[in-house]
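Open the model in your viewer and keep the selection tool at hand. Each stop below says what to select and what is there.

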Amino acid sequence: MAAEDYPHEIDEQLTCFDSSVTSVKTILEQLMSMPRNDLLQKLDPLDQAKLDLMSAYTLNSLFWMYLVTQGINPREHGIKQELERIRTYMNKVKEITEKKKAARLDKGAAARFVRSALYDPDDKDSKKKAASTSSETPPSKRSKQK
């Protein structure tokens with residue numbers, strides 16, 4: 001595009017837009033270079049859902065931009081509802097991912113925690129008595145145990 005075809009005030013914005021389009025093109029070429037089935041087989045179901053949602057959102061966002069370039073208000077077009085629907089599903093996937101990452105209860109650790117919280121001093125005395133009784137065994141028996 002020649003410099004006189006557009007106002008100089010938007011030169012920086014057009015440069016950023018051009019680099020963004022180039023970046024999107026590079027990513028799409030990488031995704032398109034591999035057959036979709038091969039790509040999906042390498043992913044678990046949650047990642048497959050993320051990929052599908054990302055693809056749908058990207059395509060719909062590009063269509064939104066196309067409508068803007070054609071002078072059509074996308075807010076009055078069905079694309080707005082489609083993007084909202086996809087965003088709803090993206091939020092559901094995000095909730096599932098967060099639940100997956102949430103701390104899991106270690107039942108053994110919880111039992112030890114509760115046991116130590118319910119500490120009984122009489123119980124400690126009985127353990128000491130049991131330990132002292134075993135230490136009173138004759139030395140000859142100790143050497144056989146080793």
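**Stop 1: Thr 97**

Select Thr 97 first. Leaving aside neighbours within four places in sequence, Thr 97 is in contact with Leu 46 and Lys 50; contact means heavy atoms within 4.5 Å. Thr 97 sits in helix H4, residues 79-101. Helices here are DSSP runs of H or I with at least four residues, strands are runs of E with at least two, and both are numbered from the N terminus. Is Thr 97 buried or exposed? Thr 97 is buried, at 14% relative accessible area. The classes are: buried under 20% relative accessible area, exposed over 50%, partly exposed in between, with a 1.4 Å probe and protein chains only.

A note before moving on. This is a predicted model: local features need pLDDT of at least 70, side-chain atom pairs count only at pLDDT 80 or more, and totals for chains, interfaces and linings use all residues. Residues are numbered from 1 along each chain as its sequence is written, and side-chain values use heavy atoms, with hydrogens and water left out.

**Stop 2: the rest of H4**

Which residues of H4 are buried? They are Ile 79, Leu 83, Ile 86, Val 93 and Thr 97. The cover over these buried residues includes H3.

**Stop 3: Asn 60**

Asn 60 counts as buried, at 15% relative accessibility. Show its contacts, not counting residues up to four places away in sequence: Asn 60 touches Ile 79, Glu 82, Leu 83 and Ile 86.

**Stop 4: the aromatic pair**

How many aromatic pairs does a search of the whole structure find? It finds one. Select Phe 63 and Tyr 66: this pair is stacked, with 6.0 Å centre to centre and 25° between the planes. Rings of Phe, Tyr and Trp (its six-membered ring) pair if their centres lie within 6.5 Å; planes under 30 degrees apart count as stacked, over 60 as edge-to-face and the rest as tilted. Phe 63 and Tyr 66 are three residues apart in helix H3 (residues 45-69), so about one helical turn separates them. Phe 63 is partly exposed at 33% relative accessibility. Tyr 66 is partly exposed too, at 45%.

**Stop 5: the nonpolar patch**

Switch to a surface view. Select Phe 17, Val 21, Val 24, Leu 28, Met 32, Leu 59, Leu 62 and Met 65: they make a nonpolar surface patch of about 740 Å². Helix H1 (11-33) and H3 are the elements that give two or more residues to it. H1 supplies the largest share, five residues. Phe 17 lies in H1 and is partly exposed, at 49% relative accessible area. Patch residues have over 30% relative accessible area and no salt bridge; nonpolar side chains (Val, Leu, Ile, Met, Phe, Trp, Tyr) are joined within 5 Å, like charges within 9 Å. A salt bridge is a side-chain nitrogen of Lys or Arg within 4 Å of a carboxyl oxygen of Asp or Glu. Areas come from the Shrake-Rupley method with a 1.4 Å probe; for residues, only the protein chains shown count as cover.

**Last stop: everything**

Select the whole protein. It has seven helices and zero strands. Of its 146 residues, 10% count as buried.
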